[in-house]
Amino acid sequence: MLQVADAVQAVRTGRSLTEVLARCPAELRPATQALSFYVLRLLGSAEAARALLAPKAPPPKVDALLVSALALLWPGAPGVAPLYTDHTVVDQVVSAARKRAPASAGFVNAVLRRFLRERDALVLAVKASEPAAYNHPQWWIDRVRADWPEHWHAILHANNQHPPMTLRVNARRGSTESYLARLVAAGIKATPVGPLAPQALLLERALPVTALPGFADGDVSVQDAAAQLAAPLTVGALAALPALAAGARVLDACSAPGGKTAHLLELADLDLLALDSDAARLTRVQGNLQRLQVKARTLAADARQTLGEAAWWDGRPFDAILLDAPCSASGIVRRHPDVRWLRRPSDIDNLAAIQAELLDALWPTLKPGGRLVYATCSIFKAEGEHQVDAFLQRQSDAKHIDVAGMSGHLLPLTHNGEAAGGLPSVWDGFYYALLIKKL
């Protein structure tokens, strides 16, 4: 419980949960991650309840224990089953308080027992606050409501669900149908996502990758269904555009951790440059390529630096560019529940500015007749629809091509799943635009 409280408090002070978990002892990491995710999906409710129970906030290390416990004691958490009995939660948290802050153990015990006595009334009371009712910051709720007035309730609810685990079958090493048969033989239940993501299989329940047949040999990867649209949009493995010719020169402009890079190479024979500004993150790209037995050149550089002394571009135009731009990650909150608590309102404008800079810098590197796929794992229109509309106003030689079911904003909602074989909430939130440079 101390590890969980420390992780939650680190997020509250602005640190990424991924970073915190990387430093957690390996034997404690799975349980710490599961419980931290649980707490962060209910953090707004837990913080509001703590404020009612103890209006004067206790020291941060005690407060983190309290809000973690209140989240675990919360009734009817959406999409998750209770992890422990009430007695076990109280006992473990009080024991943790005795180790962390002995003088506060009695206070923690009293607050939690009062919550159990008054739980129904307290749960009802906190729902008057939108951050407590929806477990998102108020500014985030306001932006989702403004962008998606018909769907904002459902989007916020979906963000608090457990995400599905989706596989991507390596098309170079076998068909989706043959790999599904291997899963069945191994006693693993899965369902094809459908024609929009033909390599995608949705698992009935999440599994460690070591349990997946052929994972170490590169037969399959883990990748959300929405993320699996980037590669076919880029290489043209669909009706909207002809497929790229063998050996086509392609740039993956923000490639780490490499899932989309590998998918491009699984679908086509390409002369591919995988670029990323973070040299350390490029090691993950290289690891992915090695496991999947595909090859690309990798280079650590800022994609915006196409000219001058720091330029990475050799002046030879690309046939296609995939720009999976840095973004708020507002579309993958159910996979990263800390994101909503880490972001600030100003981040969206700052990220939108970087996205615009990337688009403007990379567009001249694309040959006439070439294609650029702009992607973000965001549901905010400032990082999607509005970004591309502004780009088209700036670039008279750019043309947008709509691809039914694949381009535009994909929301983590049931109707997106229905478009992909009737599976509810298959997709993460994403935005895609297919841009062509006019001849």
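A residue is called buried here when its relative accessible area is under 20%, exposed when that area is over 50%, and partly exposed in between, using a 1.4 Å probe and protein chains only. Helices (H or I, at least four residues) and strands (E, at least two) are DSSP runs, numbered from the N terminus.

Here are my notes on the model, point by point.

1. **What you are looking at.** This is a predicted model, in which local features need pLDDT of at least 70 and side-chain atom pairs count only at pLDDT 80 or more, while totals for chains, interfaces and linings use all residues. Residues are numbered from 1 along each chain as its sequence is written, and side-chain values use heavy atoms, with hydrogens and water left out.

2. **Confidence.** pLDDT is the predictor's confidence in each residue, from 0 to 100. The chain has a mean pLDDT of 92, and 95% of its residues reach 70 or more. Please keep residues 417–424 in mind, though: pLDDT stays under 50 there, and the model has 17 contacts for this stretch beyond four places in sequence. Contact means heavy atoms within 4.5 Å.

3. **Helix α4.** Residues 43–53 make up helix α4, which is mostly covered, with eight of its eleven residues buried. The buried set is L43, G44, S45, A46, A48, A49, R50 and L53.

4. **Helix α5.** Among the buried residues are V62, D63, A64 and L65. Their cover includes α1 (2–12), α3 (29–41), α4, α6 (86–100) and α7 (105–117). As for length, α5 (residues 60–72) reaches 18 Å from its first C-alpha to its last, close to the 18 Å expected at 1.5 Å a residue; the expected span is 1.5 Å times one less than the number of residues.

5. **A105 in α7.** Helix α7 holds A105, a residue that counts as buried because its relative accessible area is 7%. Leaving out residues up to four places away in sequence, A105 touches V94, A97 and R98. The C-alpha atoms of A105 and V62 are separated by 8.9 Å, although the two residues are 43 apart along the chain.

6. Two strands pair if DSSP finds at least two bridges between them. On that basis, four strands form an open antiparallel sheet in the order β2-β3-β1-β4. Its edge strands, β2 (190–192) and β4 (220–222), each pair on one side only. From one strand to the next, the twist averages 30°. Inside this sheet, β1 (residues 166–169) and β3 (residues 200–203) run antiparallel and are joined by three bridges, with L167 standing opposite L201 in β3.

7. **A helix across the sheet.** Helix α12 (residues 176–185) lies across β1, β2, β3 and β4, and runs at about 25° to β3. For such angles, axes are lines fitted to C-alpha atoms, for helices over the stretch in contact, and the values run from 0 to 180 degrees between N-to-C directions.

8. **Strand β9 and its partners.** Strand β9 (residues 366–376) is mostly covered, with eight of its eleven residues buried. Which way do β8 and β9 run, parallel or antiparallel? They run parallel, joined by six bridges, and D324 stands opposite A375 in β9. With β12 (residues 430–437), β9 pairs in the antiparallel sense, also over six bridges; there, T376 has Y431 in β12 as its bridge partner.

9. **Backbone points to check.** Most residues other than glycine have a negative phi, and most peptide bonds are trans. A cis peptide bond joins A256 and P257, with omega about 5°, and P257 is in the loop between β5 (248–252) and α14 (259–267). N135 has a positive phi near 55°; this residue sits in the loop between α9 (130–134) and α10 (138–147) and counts as buried at 4% relative accessibility. A329 has a positive phi near 65°, in the loop between β8 (318–324) and α16 (339–342), and is buried at 12% relative accessibility.

10. **A buried arginine.** R334 is in the loop between β8 and α16 and counts as buried because its relative accessible area is 4%. A polar atom of the R334 side chain lies 2.7 Å from the backbone oxygen of W427. A polar contact is a pair of N or O atoms within 3.5 Å; within protein, one must be able to donate a hydrogen and the other to accept it, and residues adjacent in sequence count only if both atoms are side-chain atoms.
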